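Visitor: Hi, I have a few minutes. Can you walk me through this structure?
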Amino acid sequence: MSEIMLNSAEPEIADIYPLSPMQQGMLFLALNAPGTGMYVEQVTYTLRGQLDVSAFERAWQHAAARHTTLRTSLLWEDAGEPLQIVEQEVCVPFRHEDLRGLKTTEQETALRAYLRDDRRRGFDLTRAPLFRLALFRIEDGAYRVVFTHHHVILDGWSIAVLLDEVLAAYGAYASGTDPRLPEPRPYRDYIEWIAAKDQGAAEAFWRKRLANFKEPTLIKLPQTTKPVEGNKEELRLTLPDELSGRLSELSRRAQVTLNTIVQGAWALLLSRYTGKSSLLFGATVSGRPHDLPGVES
């Protein structure tokens with residue numbers, strides 16, 4: 001590992017360690033598509049009732065103190081290899097805005113504009129924290145929350161864990177007590193677990209299973225002249241209730257997830273388009289290694 005010079009005026013550093021392979025891939029793609037919002041994730045939800053805003057902010061600050069990944073920035077220039085820099089403490093960025101003076105349609109327009117601009121704003125990956133929150137008051141007893149983060153620090157599984165912890169901490173602070181949550185394992189433990197894996201055995205495993213594949217599975221589609229932001233495009237479809245019910249019944253009968261059903265349909269579609277019976281495509285999962293105790297947290 002290369003020697004790193006840290007300026008004394010910079011925030012106090014708690015830890016430094018490499019990125020996981022998945023994080024390295026995200027960093028590479030994000031750096032090659034600046035300003036596109038790639039890997040900028042937004043979670044929005046509505047809170048109804050009398051919100052204790054001070055307790056809500058404290059709950060998020062508590063989460064940042066608990067989890068090293070919420071205090072992490074990245075370093076890649078002059079570092080030999082990309083590194084994660086964990087700060088000793090960070091101040092959680094909060095934006096507050098009162099939209100009660102606007103009509104419902106005007107509120108939705110303002111929120112959509114914020115989401116668009118917020119995604120384009122992205123993050124400076126060299127500065128922690130790589131997440132922020134916005135709290136929009138839409139009624140006397142209702143708030144719209146926008147939690148924005150870079151995917152390099154959180155996946156879908158992590159977000160569910162994080163939101164559960166924030167709500168538990170909020171309940172404690174709102175009632176005048178301190179939250180008591182079990183100590184989580186630091187993210188460094190996962191990085192060390194990856195480093196200790198037998199890479200030779202992993203390579204041999206995949207070489208054996210992919211031995212019959214000599215070329216990638218490619219689909220020949222007409223060229224489009226329409227520029228696509230970030231080289232990606234999204235199409236949303238809503239299935240009829242009757243079809244959704246049949247798919248759910250199929251997944252229960254076959255004892256697989258709906259995601260597996262979708263992947264099966266995708267494989268059949270690829271086969272039709274390519275004329276091949278042996279196909280290769282990738283799918284990302286939010287899995288956790290069973291042999292790393294406490295990894296769920």
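Predicted model: local features only at pLDDT ≥ 70, side-chain atom pairs only at ≥ 80, totals over all residues.

Visitor: Where is glutamine 255 found?
Guide: Glutamine 255 sits in the loop between α7 (241-254) and α8 (258-274).

Visitor: What about phi of glutamine 255?
Guide: Phi is near 60° there, a positive value in a residue other than glycine.

Visitor: Why point that out?
Guide: Most residues other than glycine have a negative phi.

Visitor: OK. What is phi of tyrosine 39?
Guide: Phi of tyrosine 39 is positive too, near 70°. Tyrosine 39 lies in the loop between α1 (21-31) and β2 (40-48).

Visitor: Why does tyrosine 39 count as partly exposed?
Guide: Its relative accessibility is 23%.

Visitor: New topic. Which residues form the nonpolar patch on the surface?
Guide: Ile219, Trp266, Leu269, Tyr273 and Phe281. Together they have about 470 Å² of accessible area.

Visitor: Where is tryptophan 266?
Guide: Tryptophan 266 is in helix α8. At 37% relative accessibility, tryptophan 266 counts as partly exposed.

Visitor: Last one. Is the peptide bond from alanine 128 to proline 129 cis or trans?
Guide: That bond is cis, with omega near 0°. Most peptide bonds are trans.

Visitor: And where is proline 129?
Guide: Proline 129 is in the loop between α3 (104-121) and β6 (131-139).

Terms used: Residues numbered from 1 in each chain as written. Heavy atoms only, no water. Helix = DSSP H or I, 4+ residues; strand = E, 2+ residues; numbered from the N terminus. Buried < 20%, exposed > 50% of the residue type's maximum accessible area, 1.4 Å probe, protein only. Patch = residues over 30% accessible without salt bridge, like charges linked within 9 Å, V, L, I, M, F, W, Y side chains within 5 Å. Areas by Shrake-Rupley, 256 points an atom, 1.4 Å probe, with all protein chains shown as cover. Salt bridge = Lys/Arg side-chain N within 4 Å of Asp/Glu carboxyl O.
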